Amino acid sequence: MTDSIILVEDLDHVYMKNTPLEHQALYSVNMTVARGECVAIIGHTGSGKSTLIQHLNGLQRPQKGRVVIDGLDLSQRKLDVRALRRKVGLVFQNPEDQIFEKLVGDDIAYGPLKQGLSIKEVTERAKWAMEVVGLSFADMKDRETFALSGGEKRKVALAGVLALRPEILVLDEPTAGLDPCSRKDLLERIRYLNQSENLTVVFVSHNMEEVAYLAHRVYVMANGRVVCEGTPRHVFGNADILHKYHIGMPETVEILHRLKRKGYAVNPEAYEVQETVQEILSILPAAGR
Amino acid sequence: MASSFELTRNITVGQYLPTGSIIHRLDPRCKLAAFVILILGIAFCGTYGSNVLALILCTALFPLARIPIRYGLSGVKPAIPFILILAILQLLFYGKGFGTGGQTYFHYGFVTITSDSLRLVVVSAMRFVEVIFLSSVLTLSTSTTELTHGMEHLLMPLRKVGFPVHAFALIITIAVRFVPTFALEMEKMMKAQASRGAEFGTGSWWRIVQRTKDMFPIIIPLFNVALKRAEDLILAMEARCYTPTDERTTYKRYHASAKDVFAVVTSLVIVAVLFAIPV
Amino acid sequence: MSDEREPLIRVEHVSFGYTMNDKRTLPVLRDISFEVRRGEYLAIIGHNGSGKSTLAKHLNGLLVPQQGNVWVAGMNTKDKGLRKEIRKCVGMVFQHPDNQIVATIVEDDVAFGLENIGVPADEMRQRVDEALQMVGMFAFRHRPPHHLSGGQKQRIAISGILAMRPACIVLDEATSMLDSYGRQDILRVMRALHQQGMTIVTVTHHMSEVVEADRVIVMEAGRIVMEGTPRDVFQQQERLHELQLDIPDASRISQAVHRVVPAFSGTLIRTDEVVEEVENMHLRTLEVHGG
Amino acid sequence: MEKGLTVRRIVISGVLGAIAILLGVTRLGYIPVPTAAGNATIMHIPAVIGGIMEGWPVGMVIGLIFGVSSFLNATVPLFKDPLVAILPRLFIGVFAYLTYVGLRRVNPYFAIGAAGFIGSASNTILVLGMAVLRGYMTFGVAVGVAITNGLPEAVVSVIVTLAVVASWMNLGTRKKSKLSDDNAAGDK
């Protein structure tokens, strides 16, 4: 427990408090993330995922319960929000909402410039951030942001956050709306950041393939509560939970669950394509070979 | 603090309060017509007597619409300092300006208070409260959709002189439709910028330049987003066979009943009475 | 006007380019020809920038070809006088759920297209209700659209099209902004419509949607580079990979198992097919042993 | 430019009208200046931009939307008078359009900026003029307000109008990122 960089305890959140439209988004949510871990949060639209991750960099403050990020307690009124936001980089779902400069380089430099760094330092950071997400600094910095493709926009948004040199990276549906090729590329970049640059990563996703690819641990949310938590293997193996809360599953897991229901001895936790192939091979009749 | 991002909470364009009262059930066309008649009437009546009567009538609308009067008063409250400032300015300086008339109550140096200037202050304060009350009742008892429909129908006669009524109503509909969408968009942009070190509303109010500069990274992208959405919407409307100049049919139809006509006639009578009051 | 054997949409040697600021044209479509048959479910895929969305906008005359022709039920999209008829015949749902809803109340929005084509008020009410029921949104008819989820808004957009009773619906990346539940909702609606005889053209990069289709057209750099049933197209894993496209895991598993066990079919594309094939193999062995 | 009523004009009027309403109801459209006329506003900018981009009728309709919304949302007595809140606003976009068309041959940037200024100034002058006519304030007070509110409004209007219209018309402003300066390290 001592090494948890993110600690969420009994967190509640109510939107539009004291209005006719009041509704509760979080009910006593608990979550811990260890330094260097990659954690996925999955669940329906309206399950409270987005509200939860907005607490992680202080866009929302705990109304009840506790959020502690690397020693910074968000319940404290005198919290240094800027320090918190330097530590936690939040990438939103829609890149259009977070790219506001006209040129790519300016947009990536926005955060560091706000921090008052020298242009030299800002340039170095921007360069690092762009290379790490796979954008060539020399080619891209003078490009106009509106003319970028969807995949490039995501990368610019990600680089803009990385240029702040955060320790924790929080991503809201990092690949929604991308074509398969850009998606794969982006996922590899995120995995690299997590494994080689030692960033703690928390991401929200609907895409089970991507959860399977990236996450060490998964939190399943439904109706503002955490309903299940564990390794992807554990969660995907639990068909009851997935069905009960209408969580989609990877095609591999779906096949295995269906086979299992038909009485075949397969392990539904084997979610990687190669593993699934092995599982299927293991149950095929010997005579068919 | 964090809730400063909850823009949608502050949006009161559709502050519709459905209580199902007789005012709510009025035909929107007639309701709007009555409203316009009364507003114009009030704007042009400048005597004490008529404004007292108008104030009483406007207050009486709240119980009739089954809307708590505090909704009306909440519109008046923030205006009190302005009423006072204006009142002082007018009382002190009006007498010296054009149209000096009536009895002089007080005169010292450049300060002149006349019966006319006093009346102007009192009447404009009352008139303000009346208009607040009236427009509160209208917006609380009528959905924006009904308002738009009502307006469209009221403007229909203008088609004879070539005014594009349908198109005009459509513009209003689009405007109303996109307000919450843009509010959400703006909320997201503010959050994204805050996440990258921007600060909003933290500058002291007297640092006008700083606060104004903070505004640009929100306002300019907002326009760009709106114009981009406009391109999409144009395509979508064309794909659904919209051509501005063609004849269209309308989905919503209203039937004015006796009570609706009565509402309009009553408002005309009220305005006539207001003008008839001499002092 | 239309012969039943005539394809619903015929695209003949269409080329199209966008004019840039400096008067250069940026070619987007290069000599494209294909047909959409009545009652067909056609998927057009390709990575971003392959021209698929531009092509979709040619199918109801939102864009007209610079070279070549597009015929919709025998009508040329270049004929301005027929534009309304063409758009009544081919409806289109766009990518952003928010940017295609015009009115402040759901049912008003569904009626918008009907108002444009001059349907009388009584008939309109009936058609609006019917269209909302078809997409399962009837209960939401008095709601303002901004309180709905993306998938619900997209269903409203579809019902706005359905109310106009088109012969064909074109989905122009209509699910790419939705989460997987929203996407499933849309797919369910489209499947039901297709069964009732609606022609559907879906432009997408989601392979789970391609599986639904009768036929796939793969685009690259403004040209059609592959065409066939999803089953045939997914067989060509390497080619698709070159085109930066993915295949469903079910197809990948089927092919991998097939390489080890040749009797196991390698052409499966859906998860239920894989499960069935496992069962069938067991049944076949039983038969062999029993016989 | 195509003549008459087009889908584009309708939609642009609608979305810019939405911004005018939004800026009003969220109070984001106000620059805090403590005077008798209340805060300075930027809610007139959509009308200016609409006028420049799509012609005077569009500017006028957006002005009307701005006027009605400021009338309905007013917390300042002045603007609960439709003659002050609505009527003058109709002309913001018209003046902006005329300025732009008159000057665009000289230099497009200058024309856009000038239109932003004149549009804003026409709002200030007409509203205050009407306020004086209606007896809400004396001429002297109005001149004071024109300076304290009108000037910042005009400056903001010029900046926003230029930024939005220039990028929309694709008149590229700056082609190099801040990071491209020669003193930037690691460029080579």
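Biologist: Which residues in helix 4 of chain A are met by those in helix 3 of chain A?
Modeller: Ground rules first: this is a predicted model, where local features need pLDDT of at least 70, side-chain atom pairs count only at pLDDT 80 or more, and totals for chains, interfaces and linings use all residues. Residues are numbered from 1 along each chain as its sequence is written, chains are lettered from A and ligands numbered from 1 in the order in which they are written, and side-chain values use heavy atoms, without hydrogens and water. Helices (H or I, at least four residues) and strands (E, at least two) are DSSP runs numbered from the N terminus. Taking contact as heavy atoms within 4.5 Å, A:Val104, A:Ile108, A:Ala109, A:Pro112 and A:Leu113 in helix 3 of chain A meet A:Val122, A:Ala126 and A:Met130.

Biologist: Are helix 6 of chain A and helix 7 of chain A roughly parallel or roughly antiparallel?
Modeller: Helix 6 (residues 150-162) and helix 7 (residues 180-195) of chain A pack at about 15 degrees, with axes 10 Å apart; axes are lines fitted to C-alpha atoms, for helices over the stretch in contact, and angles run from 0 to 180 degrees between N-to-C directions. Under 35 degrees counts as roughly parallel, over 145 as roughly antiparallel, 65 to 115 as roughly perpendicular and the rest as oblique. Helix 6 of chain A and helix 7 of chain A are therefore roughly parallel.

Biologist: Which residue forms a salt bridge with A:Glu37?
Modeller: A salt bridge needs a side-chain nitrogen of Lys or Arg within 4 Å of a carboxyl oxygen of Asp or Glu. Here the closest N and O atoms of the pair are 2.5 Å apart. A:Glu37 sits in the loop between strand 2 and strand 3 of chain A, its partner lies in strand 9 of chain A, 180 residues apart, and that partner is A:Arg217.

Biologist: What is the area buried between chain B and chain D?
Modeller: Here 62 residues of chain B are in contact with 58 of chain D, and one salt bridge is counted between the two chains: D:Arg8 with B:Glu231, 2.7 Å from N to O. Buried area is the accessible area (1.4 Å probe) that two parts lose on being put together, summed over both. Carbon and sulfur atoms give 84% of the area, which is about 5,300 Å².
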